[in-house]
Amino acid sequence: MEDSRANALIQMRKAVEKSGINTQEYCDATMMRFLIARSMEPSKGAKMFVQWRKWRDAVVPKGFISESEVKEELEAKKIFLQGLSKTGLAVMIVMAKRHFSSKDQLQFKKFLVHLLDKVIASGSKGKEIGNEKWIAIVDLHQISYKNVDIRGLITGFQFLQNYYPERLGKCFILNMPWFFVSIWRMVSRFVDPATLKNKKEEV
């Protein structure tokens with residue numbers, strides 16, 4: 001089994017390098033996330049990796065999104081990092097009642113990148129190894145329809161599955177109101193089944 005994974009990784013690296021990208025700067029753990037996300041198929045994993053690299057170069061040319069670029073989103077104080085879990089995974093808490101649909105979608109997307117990069121860094125202990133996962137705790141206490149952002153939810157999950165594959169370890173949803181069930185069913189239609197599998201738990 002290990003030999004087949006190693007061979008698939010070698011094939012994927014070769015396919016990526018054919019597109020002009022040097023894979024030597026990326027560790028096996030990083031490459032493997034994309035390979036796993038595409039069911040261990042080297043050509044599909046390579047295509048996904050190349051698309052991610054092009055997206056990253058275009059959206060995050062400096063390598064990071066500064067706080068000044070997402071100031072308005074940060075001021076809402078709706079997301080908090082809570083250190084590490086007992087198993088060593090970074091923990092992020094989302095206070096949904098403080099979220100409202102953003103009028104500036106570009107800033108919202110930058111905010112997602114800023115947030116996801118930060119939570120990954122918080123679990124890397126100073127040195128990213130490429131396969132860090134994290135836990136999301138989404139608290140829906142006291143949310144109303146004005147807090148429901150279907151476009152934002154879809155964008156968030158698309159970012160996770162396209163640009164941060166195999167990063168979300170678990171997602172716990174607390175205090176889910178009855179009306180959110182139908183909203184979740186609608187949103188889940190736009191999410192890759194592999195992203196949804198074993199990720200969501202209600203508490």
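This note goes through some features of a predicted model, point by point.

1. **Crossing of α1 and α2.** Helix α1 covers residues 2-17 and helix α2 covers residues 28-37. Their axes come within 10 Å and cross at roughly 95°. Angles of 65 to 115 degrees count as roughly perpendicular, and α1 and α2 are therefore roughly perpendicular to each other.

2. **Residues in that contact.** On the α1 side, the contact is made by R5, A8, L9, M12, R13 and V16. On the α2 side, the residues are D28, M31, M32, F34, L35 and I36. Sorted by type, the residues of this contact of α1 with α2 comprise nine nonpolar and three charged, with no polar ones.

3. **T30 in α2.** T30 lies in helix α2. Is T30 buried or exposed? Its relative accessibility is 9%, and buried means under 20%, so T30 counts as buried. Leaving aside residues up to four places away in sequence, T30 touches F49 and G130. The separation of T30 from A6 is 24 residues in sequence and 13 Å in space, taken from C-alpha to C-alpha.

4. **S39, a positive phi.** Most residues other than glycine have a negative phi. S39 is not a glycine, yet its phi is positive, at about 55°. S39 sits in the loop between α2 and α3, the latter being residues 42-59. With a relative accessible area of 59%, S39 is exposed.

5. **Q142, another positive phi.** Q142 is a residue other than glycine with a positive phi, near 65°. Where is Q142? Q142 lies in the loop between β3 (134-139) and α6. Relative accessibility for Q142 is 55%, and Q142 counts as exposed.

6. **Helix α6.** This helix runs over residues 150-163 and has 14 residues. From its first C-alpha to its last, α6 reaches 19 Å, which is close to the 20 Å expected at 1.5 Å a residue. Which residues of α6 are buried? They are G152, I154, T155, G156, F157, F159, L160 and Q161.

7. **I173 in β4.** Strand β4 covers residues 168-174 and contains I173. The relative accessibility of I173 is 4%, so this residue counts as buried. Along the sequence, I173 and H141 are 32 residues apart; in space, their C-alpha atoms are 9.9 Å apart.

8. **G169 in β4.** G169 is found in strand β4. At 17% relative accessibility, G169 falls under the 20% cut-off, so G169 counts as buried. How far apart are the C-alpha atoms of G169 and F49? They are separated by 20 Å, and the two residues are 120 residues apart along the chain.

9. **Cysteines and disulfides.** A disulfide is a covalent bond between the sulfur atoms of two cysteines. How many disulfides does the structure hold? The number is zero.

Technical notes. Residues are numbered from 1 along each chain as its sequence is written. This is a predicted model: local features need pLDDT of at least 70, side-chain atom pairs count only at pLDDT 80 or more; totals for chains, interfaces and linings use all residues. Side-chain values use heavy atoms; hydrogens and water are left out. Axes are lines fitted to C-alpha atoms, for helices over the stretch in contact, and angles run from 0 to 180 degrees between N-to-C directions. Helices (H or I, at least four residues) and strands (E, at least two) are DSSP runs, numbered from the N terminus. Angles under 35 degrees count as roughly parallel, over 145 as roughly antiparallel, 65 to 115 as roughly perpendicular and the rest as oblique. Contact means heavy atoms within 4.5 Å. Ala, Val, Leu, Ile, Met, Phe, Trp, Tyr, Cys and Pro count as nonpolar, Asp, Glu, Lys and Arg as charged, and the others, Gly among them, as polar. The expected span of a helix is 1.5 Å times one less than its number of residues. Buried means under 20% relative accessible area, exposed over 50%, partly exposed in between (1.4 Å probe, protein chains only). A disulfide is a pair of cysteine sulfur atoms within 2.5 Å.
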